Amino acid sequence: MAEQEVQTLIKQLNQSLSSRNFTTASSLLSRAKIALLHLNALIPSPGTPGTHLHLARETLELGALISIRLQDPESFTRYFHSLTPFYALPSSRLPKEGGNESKITGLYLLLLLSQGDYAGFHTLLEGLEVAAAEKEEGGRKGLEEDKFIQYPIRLEQALMEGSYDRVWGETKGERVPSEEFGVFSEVLIGTIRAEIASCSEKAYPSIPISNAKNLFFLDSEGAVIQFAQQRGWTARDGRIYFPQQELEALGGSEKDILVTSGQVIENTLGYARELETIV
Amino acid sequence: MAETMEGVEGAPQQNGDTQQNSEEKTAADIRSNFSLLERAVTQFDARFTLRALRSISSLRKRLTPEVFARAIALTYPQNAPTAKTLLQALFESENEFRSVMSKIEPPQSNGKQEKEVIPEIDIYLGILLQVYLYDSKRYETGARFSTVLVDRIRELNRRTLDSLAARAYFYLSLFFEELDPKPPSPQSPVISIRKNLLAALRSAVLRKDQDTQAAVIVLLLRNYISTADISQADALVAQTTFPHTAPNNQVARYLYYLGRIRAIQLSYTEAHEHLTSATRKAPSSTVAVGFYQASMKFLIVVELLMGDIPERAVFSQPKLELGLEPYFKLVQAVRAGEMQGFLRIVQQHASTFHHDGTYTLVLRLRQNVIRTGIRMLSLSYSRISLRDICIRLGLESEESAEYIVAKAIRDGVIEATIDHEKGYMQTKQAGDIYATREPAEAFHERIKACLALHDESVKAMRFPMNQHRLELKNAQEARERERELAKEIQDGEIDEDDAAGDFEGL
């Protein structure tokens, strides 16, 4: 009975996903999860029948996709973690076909990236790389051909290198592998803008406002001035000046000496103490 | 060396008599270790156990079923349950068992045989059997036998078994690693022993059994990393404390795995520290070349990721030269800042890097190649157009080049400014390095390392047992004498003049 209930719920969920009616989806999801609990299929155990595994995976995947649409990263992370044991099952028990493993994983990677959790990103990637290397031996496609996984990897590479124009290019409509990935574009653009700003403060003595528009991927010169004010820069004679740089040039050396002398004193005292214990 | 010599000499003769003699000799060698174990129990000194364990490597090549049968028959009374379990694991079929046993004459029952066999001897024989099964590639039997063995060790719960237990767990884990499907498959049997190892860790901690604790932590880390469960390994490190008194080899292994975890998590400084200690603590003899190479590979990649270039001398060490060749080429490419060459080498040696588990780390080097390239350019040109940078580094566009250079400036890789309108990078005059804090910092690092070394050497010193009691006794006596003297002075028996008189007399 519960099995049928889950099936109808999944149908309804698919409908609400395609009609973008996400508000009803959350209540449907919790009902589906309760039904799965009755089937004892929310966590895969050796005794769970194959059909139940299918149902559970599909429900959780739908849940994950819906929480992305609702921009709810916590709930997405929860869904991802409950899906992980399903993805770890051998394909003899739960075939990979019909699932959205790479899509969900790619989304999770992107989420980690947008949160700046590079350690988590690489930890997950390491696991994927190892799993993929093993699959490749079995004649299946590797990580390199998976567009959902490659997208966040490309983005991370560009971010680390500093080729921010490539990140900008990737967030444009046609390069995004699926609609859900687009949700993160806004966040990523914000991230790279902040990065570029902090780089510019150090790298340029000053830049013309018209050039800054392109540099920061902003739409108008008015937006540039607004952005400059947010960062505390001064705009004069059609150029942007970075006050932090000037401040550093002035007060930097003096402060440096203070910090250094404290450090030197501390070190020397440390040596003296150590010598005392040795001699 | 000695064992191989013996083997060579014995081979051409193939004389049944000499064979039996060498069997008897080996069995006697095994049994000579029993007295060490007995002494370890009576004197409660783990050093004797360690000595017995150390003899395993020399016995290893001489182990045969006949040797075992002989040693077991000599040690145990007939039909002892322990002897039965050992023999069951030793022989694959009943027939083999009979044929071997028939060759061995039943021992003469004299009074000595009646002595009770201590459990340490049971376990020691068990470990020898584990070694033999592993060498003869009977992994299934080994896995089954090891599970029984460690269960028995846990039941016995004797502190004199600690170092033996550590060894038994080590082989247990080795056997499971060899079972199909091998890691990193998520269905690998190694996952099934995690529960056992965690339970062993728990009881080892509760029993203050530091040998097993250290060994099991290392095994668990190895287990997690083999299936790429990095976050679980990280959680284990965060939840446990590695015992200070662990043997050097375990410390080296622990540091190696810790370094690997930290490298994956991008904490390169920490990873570098751990891996450096791991390579330094690795035994310098030829025994553990594999470990040394593996940790060296990671160390090199981590150094590259930190923006340093490993020294040339590292690669010319005879035991590293061959194994590290791909890494040597990698270093050359990164040093030159040559993107095309770097990509070619990564592609060429991808399978090696995959096998070493360094592939993902190597891929991260891409940005370092670019950075080194930029640094080289900024050192050689005082002013260079962004277009030229783009061409020389093989970048996609001038805009990319501009952002990359800006990032390099912010991260302190180069000292320069960019002129956006004219599209060039202008290098700032390099300051005098001795005017900065850098030399002082480098010096400080070295002093710190020396002091730490001193501290560790002091900690590692060993003192004879109970020596301090003697000193305490002496001190006690001295104090008593002093008290008596004080009392006498107080009583006036020896007055100040008397005491001073001595000096005058001198």
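In which sense do S2(B) and strand S3 of chain B pair, and over how many bridges? I looked this up first. The two strands, with S3 at residues 424–427, run antiparallel to each other over four bridges. Strands here are DSSP runs (E, at least two residues), numbered from the N terminus, and two strands pair if DSSP finds at least two bridges between them.

A note on the source: this is a predicted model, where local features need pLDDT of at least 70, side-chain atom pairs count only at pLDDT 80 or more, and totals for chains, interfaces and linings use all residues. Residues are numbered from 1 along each chain as its sequence is written, chains are lettered from A and ligands numbered from 1 in the order written, and side-chain values use heavy atoms, without hydrogens and water.

I then checked the whole sheet. Its order is S1-S3-S2 in chain B, open and antiparallel. Strand S1 (383–385) and strand S2 (416–419) of chain B are the edges, each pairing on one side only. I also looked up Asp419(B); its bridge partner in S3(B) is Tyr424(B).

Next I turned to the interface. I found 40 residues of chain B in contact (heavy atoms within 4.5 Å) with 45 residues of chain A. Between chain B and chain A, about 3,900 Å² is buried; this is accessible area (1.4 Å probe) lost on being put together, summed over both parts.

Last, I looked at charges. Three salt bridges are counted between chain B and chain A (Lys or Arg side-chain nitrogen within 4 Å of an Asp or Glu carboxyl oxygen). Arg410(B) forms a salt bridge with Glu195(A), at 3.4 Å from N to O.

How values were computed: Buried area = accessible area lost by both parts, 1.4 Å probe.
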